[in-house]
Amino acid sequence: MTTHTEASTAVAGGTPRATAMPPPWRLPLLTIAAALLAAFMWPDQLGLISRVASTALLVLSLDLLVGYAGIATLGQSALFGAGAYGAGLFAQHVSGDPLIGLVVAAVAGAALAAASGAFLLRFEGFTLLMLTIALAQILLSLASTFRGITGGDDGLSDFTIRPILGLWEFDLEGRVGAIYAVAVLAVGLYLARRVANSPFGLSIRGIHESRARMAALGTPVRKRLIAIYAMSGALAGVSGAVTAQINGIVGLDSLGFALSAESLVMLVLGGAGNLSGAVVGASVFTLLHHTAASIDPYHWLFVIGVALMAVVLFPPAALAQQIWARLRAQRKASS
Amino acid sequence: MNDILRLDELDRRFGGLHVTRKVSLSLRPGDRLALIGPNGAGKTTLVNQISGVLPPSSGRIFLDGTDVTALPQAERVRRGLARTFQITTLAPHLPVQRQVELALFEREQLANSMWRSVDAHVSVREEALKLLDSLGLGHRAATPTGRLAYGEQRLVELALALALRPRVLLLDEPMAGVPKADGPILLAALDRLPADLALLIIEHDMDLVFRMATRIAVLVQGEVIADGTPAAIRDDPRVKAAYLGH
Amino acid sequence: MTLVLNILVDGVAYGMVLFVMAVGLSITLGLMKFINLSHGAFAMAGGYAVSVLAGTHGWNFWVALVVAVIATGAFGALLETLVLRHLYRRPELQQVLFTIGLTFFLVATANAIFGPQVRNIPLPSILSGSLDLGFRTLPTQRAFVLLAGLAAAGLLTWTVARTRFGIWIRASVDHADAASGLGIPIRLVQCLSFGAGAALAGLGGVLGAELMPLEPYYPLKYLVLMLVVVAVGGMGSIPGSLCAALVLGIVDTASKYLVSEWGSLLFFVAMGLLLAWRPRGILNR
């Protein structure tokens, strides 16, 4: 056969093998370490850390869809909002226990995703994109209409969150909130990594890259996609719940188009398809936003606009590869 | 009845176009049926109907006695029907080993497993590597399929079909576009296919056809005009007329 | 009965504005398969141009309108040639993200130049009055919108159906790869169509200024509306865009008249149903 010039990534006993999957605890531990470092360096910015963590969870949910399954969506806010309002209403009417609230939000997000996915996933491309927007907008209109339940423009705030496990109460400095948000994110990252590493996760990647091939292997494509959509919905819902529980209020912007668009931007900035990009993107975006917006909201739009265009024209992954290749060539030349 | 695959008056129209005209064929385990015909005869369309990608306008398809006409593609695969594609459809960024492992996971009904890592399924990995080795692709296991040479990609397609352990295998022009140098390995692989596997090959390469086929069916404008042993087909005047100097 | 007529008149007027604004986007999507989310910026540009020329500098409204529309078209053509055409072969997601970034950039630029407040477009006295239709009075401006929309639709249909340029467009939409082989100057077709779409959007921005006030966030605020019209109408279909825009315009107006507390709910439900019923466009089976 043709002689191979490719350097294989791992050789064991003469046969090259595909690179092993990353261990599931690595990314959560790195994230926790980064969060601790951030808390140490900026002890009065704990609220910001909470925000980054809960947003990263939302972007993670989007990565499962966009990065892994290849489903472009601008309606993720529907799932986020379902979890946020779900947790808020649950605390208002049933119980203020935050952990049970997370479960409720996960179920709400997953159920909405599964139900809408069964319909939406019959479509592809631009049509699908538009339908996801429509779904989120419909939910937004409903939430606005039923303002008796949701609080409408004023938001839902008439609920109290009990201490976590009865021990740790959400304090004003935000310390408990930050730990809570980071812990939930870490668990989410662990679960997402397990799924991504599994045969199911591999089949999702296969569906992304070649639906025809997977169907020819006997894959029930639509069912698998609905499953990953439901998982994404659960994570997005939990993200909404964390936000609601820490802030004590749920606003209509939880269901807004801007949130869907922003989370997509964050995912692309950090890199889709490898889960860590969600954390990176959410951090970079939120920090940029925090700095730039405090000067002038329009400044922020300048910065993020240019950043987006730059990322598309000069993708960081390709750039990094080019730099890497050049370094390797230099090393070969000098040896 | 020991037909493993039976097509019963399969018919398909596209608006005014009549692309499959009451095709009836049957395959027994171990049959090597070559489907030949001029370009545009409707061979791939026929395969698409058999595999479940395209629904027929009328007619039925029986797999081992069961009527699968209404069943989706995934179901037919599970019942032992596999195919390769004329244009390679491999997932370009997946390493070859992973692509083959996917086929094995589907076969073993493990693809719903969400907790254990793919690397923990050692027997699957071993089988995948063994399969690749048997096709001379062992050294490419870590390469993304998109970076393989064209001939290697066709071999991976074959590997995937074999991984499913089918009872009926539909090969859509396996030699198309394969450079001369890689031909022998593909041919050797085809020779080593299990003896009880029923094979339907679409091919233009007449050397391969006469070397492998136990039967030949000739498809012209959607209709089977001749179906018999290679010797009979070679001498059939209708075939000669339809094929004007193939 | 008067209610129905009111809804129809206002709905059709609104639909006309949506059509004029969105048709350029539909053509771009159908012709170059390029998702341009910054299309709303052209509508904004047209509106701002007229506001500056007629308002600040006191030009005659009609002269300002013509100049603004042509300038917006030129701006669009320039943008297409210098920047956007390099992205035609990129994956959808990249096109989406680049043009969102471009939109943010243009929004911030608009703010830097014009400031964040809403800007008025001064109408000439002809358009400031109203016509007596018997069952109601129709503001002359709205009659103008109806006429302008019809004229635009008519001009477009004539161009596509009767002129050589129209044949070029249709061939390029249906058979992109074969078109250049047939001797069609594909780059010219792309650039001119894009520019024409931008010009029309600019006109739409002026026509719709009453319902959609001019301010820097304009392209983002009304982006979804335009996307909806294009999606429901079918990419690349001019009659489809017109039909979709009219239907959706009437639905939204009816909703505002009858059940205003539901907001845009009916609009998006209608959109979802229409898209699910005819995913390839309202006039495509």
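Helix 1 (residues 43–51) of chain B lies across strand 3 (32–36), strand 6, strand 7 (168–172), strand 8 (198–202) and strand 9 of chain B. This helix runs at about 150 degrees to strand 7 of chain B. Helices (H or I, at least four residues) and strands (E, at least two) are DSSP runs, numbered from the N terminus. Axes are lines fitted to C-alpha atoms, for helices over the stretch in contact, and angles run from 0 to 180 degrees between N-to-C directions. Two residues are in contact if their C-beta atoms, placed from the backbone, lie within 7 Å.

The model is predicted: local features need pLDDT of at least 70 and side-chain atom pairs count only at pLDDT 80 or more, while totals for chains, interfaces and linings use all residues. Residues are numbered from 1 along each chain as its sequence is written, and chains are lettered from A and ligands numbered from 1 in the order in which they are written.

The strands under discussion belong to an open sheet of six strands in chain B, with the order 6-7-8-3-9-10 and mixed pairing. Two strands pair if DSSP finds at least two bridges between them. Strand 6 (81–83) and strand 10 (223–228) of chain B are the edge strands, each pairing on one side only. On average, and with direction ignored, neighbouring strands of this sheet are turned by 15 degrees against each other.

Strand 8 of chain B has parallel partners on two sides. Strand 7 of chain B runs parallel to strand 8 of chain B and is joined to it by five bridges; here B:L169 stands opposite B:L199. Strand 3 of chain B is also parallel to strand 8 of chain B, with four bridges between them, and B:A34 stands opposite B:I201. Five of the five residues of strand 8 of chain B are buried. A residue is buried if 20 or more other C-beta atoms lie within 10 Å of its own, exposed if 12 or fewer, and partly exposed in between, with C-beta atoms placed from the backbone. B:A198, B:L200 and B:I202 point one way from the strand, and B:L199 and B:I201 point the other way. At the other end of the order, strand 9 (residues 215–220) of chain B pairs with strand 10 of chain B in the antiparallel sense over five bridges. In that pair, B:V218 stands opposite B:A226.

The next topic is the nonpolar core, a set of buried Ala, Val, Leu, Ile, Met, Phe, Trp, Tyr and Cys residues joined through C-beta atoms within 7 Å. The largest such core has 284 residues, and B:A159, C:V229 and C:L248 have the most contacts inside it. Helix 1 (residues 2–32) of chain C supplies the largest share of this core, 16 residues. Leaving aside neighbours within four places in sequence, B:A159 is in contact with B:V100, B:L131, B:L132, B:L135 and B:L137.

C:V12 is found in helix 1 of chain C. C:V12 counts as buried because it has 21 C-beta neighbours inside 10 Å. Not counting residues up to four places away in sequence, C:V12 touches C:L146, C:L246, C:G249 and C:I250. C:V12 and C:T253 are 241 residues apart in sequence but 8.9 Å apart in space, C-alpha to C-alpha.

Chain A has 14 helices and two strands. Its C-alpha atoms fill a box of roughly 70 × 50 × 40 Å, taken along the principal axes. A compact globule of 335 residues would have a radius of gyration near 20 Å, and the 21 Å of chain A agrees with this. The radius of gyration is taken over C-alpha atoms, and the globule rule is 2.2 Å times the number of residues to the power 0.38. Buried residues make up 53% of the 335 residues in chain A. Of the contacts in chain A between residues at least 6 apart in sequence, 76% join residues at least 24 apart.

Chain A also meets another chain: 44 residues of chain B are in contact with 33 residues of chain A. On the side of chain B that touches chain A, helix 2 (73–78) and helix 3 (96–107) of chain B are the elements that give two or more residues. Helix 3 of chain B gives the most, with six residues.
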